[in-house]
Amino acid sequence: MIGRIMKIVSRQYTLLGENGEKHDAILMGKVRRQDVPAAGDLAEAEYVNGRWVIQKILPRRNRLIRPSCANIDQALIVMSVKDPDFSPALVDRISMLIMKADITPVLIITKCDLGIPDETEEMIREYENGPMKVIRTAKDEASDEVAAILEGKISVLTGQSGAGKSTLLNTLEPSFHLATQEISKALGRGKHTTRHNELHSVAGGLVADTPGFSSLDFSHVSASELGSCVPDFIPYLGKCRFNDCIHQNEPGCAVKEAVESGSVPQRRYRNYLGVLEIIQNRKEKYL
Ligand SMILES: Nc1nc2c(ncn2[C@@H]2O[C@H](COP(=O)(O)OP(=O)(O)OP(=O)(O)O)[C@@H](O)[C@H]2O)c(=O)[nH]1
Ligand SMILES: [Mg+2]
Ligand SMILES: [Zn+2]
């Protein structure tokens, strides 16, 4: 059979079959030596001596190391309007890393029931007017829009600790009791309540409730490709005077023109330049 790896706990694998049935499986030694399987991988398994044994991992479309997850369709950036504060710098950095991994970013804005400060509202509108899909959610409201985008897809959740990632899944799937921060405070844990790596069946899709992209590491991103990782820049790429334009100081830059005309928010461009400088400073060190 071909199954989807839902969960890996040490050497024990949980596979989801085509008809929704779950099987425990182990991994053949030769597979482990070739490849490190991840949640989201499709695995070919055979029933041998009373147990399912994974013989092969099928080619994957993409792969994230942190969280360890494969074949991801989209990443939901979960960002609260407050507690913790809404941060466009963080949204932009996370979305660049998601784009670099060839995954579609979606912005989920939580805790709208807490009231949205005017300045935050303005920041949210900038995203709503841009190319990323944006969905607003509030406490105890199961969002049909979130359910609709999850259906039939593999998604990872990402965003700050306390933004409401686990709460979002618990609200959509009332049978879930994923630990949220009220519980982790009682347990005396620090950063990020959710630590393990597992796919959950939610709203007809599979979702990894992992902290995700928490390191914001750009060491694998080059200055020349960073522009293609900014969703708002995509319509202008290839239209600059120089084809190796990094949209910084070059004349005839279509991205800068779009910023000047107001088609791309200033804030988006400033955050891009901030990350570009991090990459450039790092490069100099190694020259
Ligand atoms: N008012 C309000 N509170 C919310 C909402 N969503 C989550 N919360 C609260 O925010 C806190 C953090 O929620 P969690 O779901 O644990 O956050 P998380 O993103 O999973 O955090 P980590 O697992 O630590 O990464 C909890 O106290 C939730 O009850 C919301 O839409 N409105
Ligand atoms: Mg959580
Ligand atoms: Zn340019």
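**Entry 1: helix α5**

I began with helix α5 (residues 165-172), where six of the eight residues are buried, so this helix is largely enclosed by the rest of the structure. I take buried as under 20% relative accessible area, exposed as over 50% and partly exposed as in between, with a 1.4 Å probe and protein chains only. Helices (H or I, at least four residues) and strands (E, at least two) are DSSP runs numbered from the N terminus.

I listed the buried members of α5 as Lys165, Ser166, Leu168, Leu169, Asn170 and Leu172. I then looked up what covers them, and found that the cover includes the strands β8 (74-80), β9 (104-110), β11 (154-158), β12 (199-202) and β13 (205-209), together with helix α4 (144-150).

**Entry 2: basis of the values**

I note that this is a predicted model, in which local features need pLDDT of at least 70 and side-chain atom pairs count only at pLDDT 80 or more, while totals for chains, interfaces and linings use all residues. Residues are numbered from 1 along each chain as its sequence is written, chains are lettered from A and ligands numbered from 1 in the order in which they are written, and side-chain values use heavy atoms, with hydrogens and water left out.

**Entry 3: the chain as a whole**

I recorded nine helices and 13 strands in the protein chain. Its radius of gyration is 21 Å, close to the 19 Å that the globule rule gives for 287 residues, so the chain is as compact as a globular protein of that length. The radius is taken over C-alpha atoms, and the rule is 2.2 Å times the number of residues to the power 0.38. Along the principal axes, the C-alpha atoms fill a box of roughly 70 × 45 × 35 Å.

I found that 49% of the 287 residues count as buried. The accessible surface comes to about 14,600 Å², and carbon and sulfur atoms hold 49% of that surface. Areas come from the Shrake-Rupley method with a 1.4 Å probe; for residues, only the protein chains shown count as cover.

Of the contacts (heavy atoms within 4.5 Å) with a separation of 6 or more, 65% are between residues 24 or more positions apart.

I next examined Leu199 in strand β12, which counts as buried at 2% relative accessibility. Beyond four places in sequence, Leu199 touches Ile5, Met6, Ala39, Gly40, Cys69, Ile154, Leu206, Val207 and Ala208.

From Leu199 I turned to Thr14; the two are 185 residues apart in sequence, yet 10.0 Å apart in space, C-alpha to C-alpha. Thr14 lies in strand β2 (residues 12-16) and is buried, with a relative accessible area of 16%. Neighbours within four places aside, the contacts of Thr14 include Ile5, Met6, His23 and Asp24.

**Entry 4: His23**

The side chains of His23 and Trp52 are joined by a polar contact of 3.3 Å. Such a contact is a pair of N or O atoms within 3.5 Å; within protein, one must be able to donate a hydrogen and the other to accept it, and residues adjacent in sequence count only if both atoms are side-chain atoms. Beyond four places in sequence, His23 is also in contact with Met1, Tyr13 and Leu15, among others.

**Entry 5: Glu121**

Glu121 touches Ile116 and Arg136, residues up to four places away not being counted.
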